[in-house]
Amino acid sequence: MPKISIIVPNFNYANFLTDALSSVQHQTFQDWECIVIDDASVDNSVDIINSFINQDSRFKLIQMPKHSGIAFVRNAGLDAATGDYIAFLDADDVYAQTALETLYITAKMTDADMVSGMAHAVEETFHFVKSDNAAFVPVGFQPYINPGIYMTRSTRAQSWFWLWRRIYKRSMIGDTRFNTKLNAIGEDIGLMLEIAHKAKYMADIPMPVVYHRKHFNSVSMRTPCQDYFDYFPALLEIAEKQFPNYDPGFWQIFYNAITEYIIRECIVKPRALKANLDAARATILKCAQMIPRQFLSRKKRFMFWYLSRLKNA
């Protein structure tokens with residue numbers, strides 16, 4: 001049984017997939033399996049994946065029978081994983097060459113349930129280049145025993161939810177799976193809400209472990225559609241169910257961060273693109289009713305009060 005199972009979802013990312021899988025293959029830590037789940041791609045992604053399988057039996061392919069969406073794809077990977085730890089790598093991202101070794105050694109040294117490294121944003125033209133001199137360098141780490149403290153000390157609350165900069169004990173994730181209502185964007189936020197409170201100990205490493213590629217085909221850059229707008233109420237329902245599991249400090253940061261996310265995706269982006277304005281407006285009105293205003297800043301409380309008045313007018 002491998003120490004780490006790396007789950008790589010893919011849909012039509014043939015242009016980036018070789019980089020991603022090469023960065024796995026050339027890790028300084030070699031006790032892994034890499035499960036690539038192809039979501040019915042129509043490019044040559046499967047050929048690329050099979051070329052890696054033919055070279056290295058640690059790569060495995062799962063082919064979805066039809067295009068299903070990111071939550072279903074990640075769940076297929078979790079169901080197939082056998083490692084002691086789980087890692088998530090997007091098909092358009094790249095690992096630092098010592099990423100898994102650094103994360104794994106820290107996890108074993110501290111018995112942390114999840115260990116995080118840093119992520120660096122890179123341009124579309126970025127490429128993985130194998131180094132023959134890559135070697136593990138011991139680094140310090142910041143320990144946390146409470147998800148709320150972890151959130152409050154993050155330099156960006158958004159980074160708290162990034163799945164692909166961590167490894168997780170598979171035993172901590174257990175039977176929890178990605179909520180399939182969050183199948184367009186932000187499925188990682190839902191899963192983190194459902195598992196982070198189970199962690200008895202967490203560690204954060206001050207070094208980059210993943211290079212996150214920004215490009216126009218990435219989920220974060222796509223034009224908002226109805227699936228996007230359905231996502232926000234579904235996420236707020238998950239948050240409501242998890243409310244007893246986190247302290248008020250956590251929820252204050254969470255709801256303010258999610259409110260900014262909603263504003264960007266349901267007001268700023270639709271207006272800039274002049275797309276789906278009615279659906280966006282309906283979503284933000286619904287979210288205004290669902291977010292507990294006691295956790296919001298005065299500015300955001302006023303904005304949602306104003307939106308609620310518009311709905312009732």
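Let's start with the side chain of R165, which reaches the backbone oxygen of G117 at 2.8 Å. That is a polar contact, meaning a pair of N or O atoms within 3.5 Å; within protein, one must be able to donate a hydrogen and the other to accept it, and residues adjacent in sequence count only if both atoms are side-chain atoms. Before going on, please keep in mind that this is a predicted model: local features need pLDDT of at least 70, side-chain atom pairs count only at pLDDT 80 or more, and totals for chains, interfaces and linings use all residues. Residues are numbered from 1 along each chain as its sequence is written, and side-chain values use heavy atoms, leaving out hydrogens and water.

Where does R165 sit? You'll find R165 in the loop between α5 (147–153) and β8 (166–169). Helices (H or I, at least four residues) and strands (E, at least two) are DSSP runs, numbered from the N terminus. Is R165 buried or exposed? R165 is buried, with a relative accessible area of 6%; buried means under 20%, exposed over 50%, and partly exposed in between, using a 1.4 Å probe and protein chains only. Leaving aside neighbours within four places in sequence, R165 has contacts (heavy atoms within 4.5 Å) with residues including Y150, W160 and D204.

Now let's move to strand β2, residues 32–38. Here 7 of the 7 residues are buried, so β2 is largely enclosed by the rest of the structure. In a regular strand, side chains alternate between the two faces of the sheet. In β2, W32, C34, V36 and D38 lie on one side and E33, I35 and I37 on the other, and all are buried.

Who are the partners of β2? Strand β1 (residues 4–10) pairs with β2 in the parallel sense over 7 bridges, and two strands count as paired if DSSP finds at least two bridges between them. In that pairing, V8 stands opposite V36. β2 also pairs in the parallel sense with strand β3 (residues 59–63), over 5 bridges, and there F59 is the bridge partner of C34. From β2 the chain crosses through helix α2 (residues 45–55) to β3 in a right-handed β-α-β crossover. Right-handed means that, with the strands pointing away from the viewer, the path from the first strand over the helix to the second runs clockwise. β1, helix α1 (residues 14–25) and β2 make a right-handed β-α-β unit too.

Finally, the whole protein: its secondary structure comes to 11 helices and 9 strands, and 54% of its 313 residues count as buried.
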